[in-house]
Amino acid sequence: MESQSCGVCGGDGQIANSFGSTTRCPGCHGTGRRTEPTGMRDVTKTKPSHQRTAKEVAAAKGPQVPTTFEGVKLANEVTANAALTDAVKAKIVREIVEHESSHGSCTQTFLKKVRKQVRP
Ligand SMILES: [Zn+2]
């Protein structure tokens, strides 16, 4: 039952998104080990040091994938959901990217809204 492997990436430390590129697993920060239980409350006492500023996000003009910590995490939750079709996944990921570009980061309201779609 209890495994030391990260439940998000399965111990690889990397996650393949729907665009075919890999990104460092946000669940374990690339170590492949589980650091904290998932599915619990997202609110942590520590400050989100991984969150980038809107300026940094804009500077990193990469592919259309989320760039903030919360955005990547959410996108990974979406792409890992077997109940969703690829088209729906791509649509939600695109919404995350658009939200990030207009807000600079993912708001809690937005995260809740998307998670509601992912977990009806
Ligand atoms: Zn991981």
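1. A residue counts as buried here if 20 or more other C-beta atoms lie within 10 Å of its own. With that cut-off in hand, helix α2 (residues 69–79) is mostly covered, as 9 of its 11 residues are buried. Please keep in mind throughout that this is a predicted model.

2. Which residues of α2 are buried? They are E70, G71, V72, K73, L74, A75, N76, E77 and V78, so charged side chains such as those of E70, K73 and E77 are on the list by this count too. The buried residues of α2 pack against strands β1 (14–16) and β2 (22–24), and against helices α3 and α4 (108–118).

3. The axes of α2 and α3 (residues 86–103) come within 9 Å and cross at roughly 170 degrees. Angles over 145 degrees count as roughly antiparallel, and α2 and α3 are therefore roughly antiparallel to each other. On the α2 side, G71, L74, A75, V78 and T79 take part in the contact, and they meet K89, I92, V93, I96 and E100 of α3. By class, this contact has 6 nonpolar, 2 polar and 2 charged residues.

4. Now for the cores. The largest nonpolar core is made of 9 residues: V72, L74, A75, V78, I92, V93, I96, C106 and V114. Both α2 and α3 supply at least two residues of this core, and the largest share, 4 residues, comes from α2. One member to click on is I96: leaving aside neighbours within four places in sequence, I96 is in contact with P66, G71, L74, A75, C106 and V114. Apart from this core lies another, of 6 residues, including C6, V8, I15 and C25.

5. Most residues other than glycine have a negative phi. H29, however, has a positive phi of about 60 degrees although it is not a glycine.

6. R33 has 14 other C-beta atoms within 10 Å, so R33 is partly exposed. Not counting residues up to four places away in sequence, R33 touches Q4, S5, C6 and C28; of these, C6 is among the residues of the 6-residue core. R33 and G10 are 23 residues apart in sequence, while their C-alpha atoms are 8.5 Å apart in space.

How values were computed: Residues are numbered from 1 along each chain as its sequence is written. This is a predicted model: local features need pLDDT of at least 70, side-chain atom pairs count only at pLDDT 80 or more; totals for chains, interfaces and linings use all residues. Axes are lines fitted to C-alpha atoms, for helices over the stretch in contact, and angles run from 0 to 180 degrees between N-to-C directions. Angles under 35 degrees count as roughly parallel, over 145 as roughly antiparallel, 65 to 115 as roughly perpendicular and the rest as oblique. Two residues are in contact if their C-beta atoms, placed from the backbone, lie within 7 Å. A residue is buried if 20 or more other C-beta atoms lie within 10 Å of its own, exposed if 12 or fewer, and partly exposed in between; C-beta atoms are placed from the backbone. A nonpolar core is a set of buried Ala, Val, Leu, Ile, Met, Phe, Trp, Tyr and Cys residues joined through C-beta atoms within 7 Å.
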